[in-house]
Amino acid sequence: MFDGIDYTKVIKRALSGGGEFADIYLERSYTTSIVCEDDKIERVISGVDIGAGIRVIRNLKTLYAFTNDLDEKAVLNIAGTVSSTYPAEDREITLNLKKLSPDNKCIVKLPPDKIKTDEKVSYVTRANNYARKKDPSICQARVVLNAMVKQILTANSQDEIAEQEIIRTVFFVHVVVGTDGDLQTGYEAYGGTLGFELFEDTSPEEIADIAASRALLMLKSPRAKGGKMPVVLGSNAGGTMIHEAVGHGLEADLAQQGLSVYSGKINEKIASPLITVIDDPTIPQKNGSYSFDDEGVQSRSIILVEKGILKGYLYDRLTAMKDNTDSTGNGRRESYRFRPIPRMSNTYIASGDTLPQDIVKSVDRGLYVEKMGGGQVNTVNGDFVFEVSEGYIIDKGEIGHAVRGATISGNGPKILQEIDMVGNDLGFGIGTCGKDGQGTPVADAQPTLHIPEIIVGGAAT
């Protein structure tokens, strides 16, 4: 995959100034981005990005340098840069690198590089044309197709070499509708670690229809009334709450720094016995899936919370060293320009036993959340606020008319303790998670959930 570099020589050079661990990360990414806006193709960009990162861990501190030159001399030079922070040590370094075999692989039927540019553009224009013709009140549509093939190799001082190719295709549509100065938006995204078979089950027109219909629905809907009330989070809402209000707090670096409400609570009850939280990068075709993490650790499913009991955190190699444990395979980075840090992959609340319709029937008056929007969370105390991009009134156990402008706010740990119904369904959403200036692709999911009482923001009652 990457020729012309003696990995053993590079690792030895990186360790020449001392250190407990050293690794090399090599990356080659082929990307295509097509954007349609203002009823025309704004840009079609294809490119290749290559580079290498060298890391040394010494005294539980990270030394990191990178280059976009994969010539062995350039890679050895940055290895010397990280090693030169400390005086050279006279010691024998013996390496016998062996290639790891992945337990799971990304299987792609229609790789992006096998699809002609004209065909890729046609998917974008089809979605745009459909959205524009949906209704006269649609004043703006933005359609984006991103496709990537990323080849990665990691080698380290523990005699491990890991290689993988990750293919990811993501397609999203954003629609703005307006009448008499009133503007509403609708958004829908599809994608994951797959190729253009993405469009075999869901057409560009269907994705555009969901986004446009959501915007039109919100335009015609009254504002939500605020107050404390029961809320049902549908499985299609996406796992924004589990990702933001729970997931980040279970990343080991935040927990170790005391920046998580879940710091120091292993084996304690942090949620309802109905709640089990899992992070699993091995799920086929999901946006956060991979064979190895960006440190060459085999991916595996991790139970973070089991029947309400906190079982563990998400670790990379460095945080695992600090806690004298093993990495969970969650060391991730945006690219070779960044050092790895603990990150989520595909994080979800496991399904329960209750029928979703029975959860709705249990509510006399409340809010049903069909789709969650963006939000904010304070990982230190768990307080959060999230937008509702598509919500409905529940009246006497039936889903009624749509409402707009709703938000839900509360405290993550408190809400987890109070959830008293968990559906037997499960729905995934996709996104890009930002942390420490890096963005990484993730998926999150949840079944239908019943929250007995939460603050709903909206119009004054």
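This report describes helix packing, the nonpolar cores and selected residues in a predicted model.

## Helix pairs

Helix H1, which spans residues 7-14, and helix H2, which spans residues 72-83, have axes that come within 7 Å and cross at roughly 20°. That angle makes H1 roughly parallel to H2, and the crossing by which H1 passes H2 is right-handed. On the H1 side the residues that take part are Lys-9, Val-10, Arg-13 and Ala-14, and they meet Glu-72, Val-75, Leu-76, Ala-79, Gly-80, Val-82 and Ser-83 of H2. Sorted by class, the residues of this contact of H1 with H2 comprise six nonpolar, two polar and three charged.

A second pair is formed by helix H3 (residues 117-134) and helix H5 (residues 204-220), whose axes lie 8 Å apart and which pack at an angle of about 35°. Here too the handedness is defined, the crossing of H3 and H5 being right-handed. From H3 the contact draws on Tyr-123, Arg-126, Ala-127, Tyr-130, Ala-131 and Lys-134, while H5 contributes Pro-204, Glu-205, Ala-208, Asp-209, Ala-212, Ser-213 and Leu-216. The contact of H3 with H5 divides by class into eight nonpolar residues, one polar residue and four charged residues.

## Nonpolar cores

The largest nonpolar core has 46 residues, and those with the most contacts inside it are Leu-233, Met-241, Leu-367, Ile-408 and Ile-419. Elements that each supply at least two residues of this core include helix H6 (240-247), helix H7 (252-256) and helix H10 (412-418), together with strands such as S8 (227-233), S15 (365-377), S16 (383-395) and S22 (449-457). Apart from this core lies another, of 28 residues, among them Ile-34, Ala-141, Leu-198 and Phe-199.

Which residues does Leu-233 contact, leaving aside its neighbours within four places in sequence? The partners of Leu-233 are Met-241, Val-369, Met-372, Ile-408, Gln-446, Pro-447, Thr-448, Leu-449 and Ile-451.

Helix H6 is largely enclosed by the rest of the structure, because seven of its eight residues are buried. Those buried residues are Thr-240, Met-241, Ile-242, His-243, Ala-245, Val-246 and Gly-247.

Gly-412, found in helix H10, is buried, with a relative accessible area of 3%. Not counting residues up to four places away in sequence, Gly-412 touches Ala-245, Tyr-262, Gly-382 and Phe-384, and Ala-245 is itself one of the buried residues of H6.

Ile-270 is placed in the loop between H7 and strand S9 (277-279) and is buried, with a relative accessible area of 4%. With neighbours within four places in sequence set aside, Ile-270 is in contact with Tyr-262, Lys-265, Val-305, Gly-308, Leu-310, Pro-413, Leu-416 and Gln-417. Tyr-262 is therefore a partner of Ile-270 and is also touched by Gly-412.

Met-421 belongs to strand S19 (residues 421-422) and counts as partly exposed, at 23% relative accessibility. Its contacts, not counting residues up to four places away in sequence, are Leu-274, Ile-359, Ser-362, Thr-448, Leu-449 and His-450.

| Residue pair | Separation along the chain | C-alpha to C-alpha distance |
|---|---|---|
| Gly-412 and Val-377 | 35 residues | 8.6 Å |
| Met-421 and Ser-272 | 149 residues | 9.6 Å |
| Ile-270 and Ile-415 | 145 residues | 10.0 Å |

## Positive phi outside glycine

Asp-180, a residue other than glycine, has a positive phi near 55°, and its place is in the loop between strand S6 (160-179) and strand S7 (182-192). At 83% relative accessibility, Asp-180 counts as exposed.

Asn-324 likewise has a positive phi, of about 55°, although it is not a glycine. Asn-324 is located in the loop between helix H8 (317-322) and strand S12 (331-332), and with 73% relative accessibility it counts as exposed.

How values were computed. Residues are numbered from 1 along each chain as its sequence is written. This is a predicted model: local features need pLDDT of at least 70, side-chain atom pairs count only at pLDDT 80 or more; totals for chains, interfaces and linings use all residues. Side-chain values use heavy atoms; hydrogens and water are left out. Axes are lines fitted to C-alpha atoms, for helices over the stretch in contact, and angles run from 0 to 180 degrees between N-to-C directions. Helices (H or I, at least four residues) and strands (E, at least two) are DSSP runs, numbered from the N terminus. A crossing is left-handed if the near helix is turned anticlockwise from the far one by less than a right angle, and right-handed if clockwise. Contact means heavy atoms within 4.5 Å. Ala, Val, Leu, Ile, Met, Phe, Trp, Tyr, Cys and Pro count as nonpolar, Asp, Glu, Lys and Arg as charged, and the others, Gly among them, as polar. Angles under 35 degrees count as roughly parallel, over 145 as roughly antiparallel, 65 to 115 as roughly perpendicular and the rest as oblique. A nonpolar core is a set of buried Ala, Val, Leu, Ile, Met, Phe, Trp, Tyr and Cys residues joined through side-chain atoms within 4.5 Å. Buried means under 20% relative accessible area, exposed over 50%, partly exposed in between (1.4 Å probe, protein chains only).
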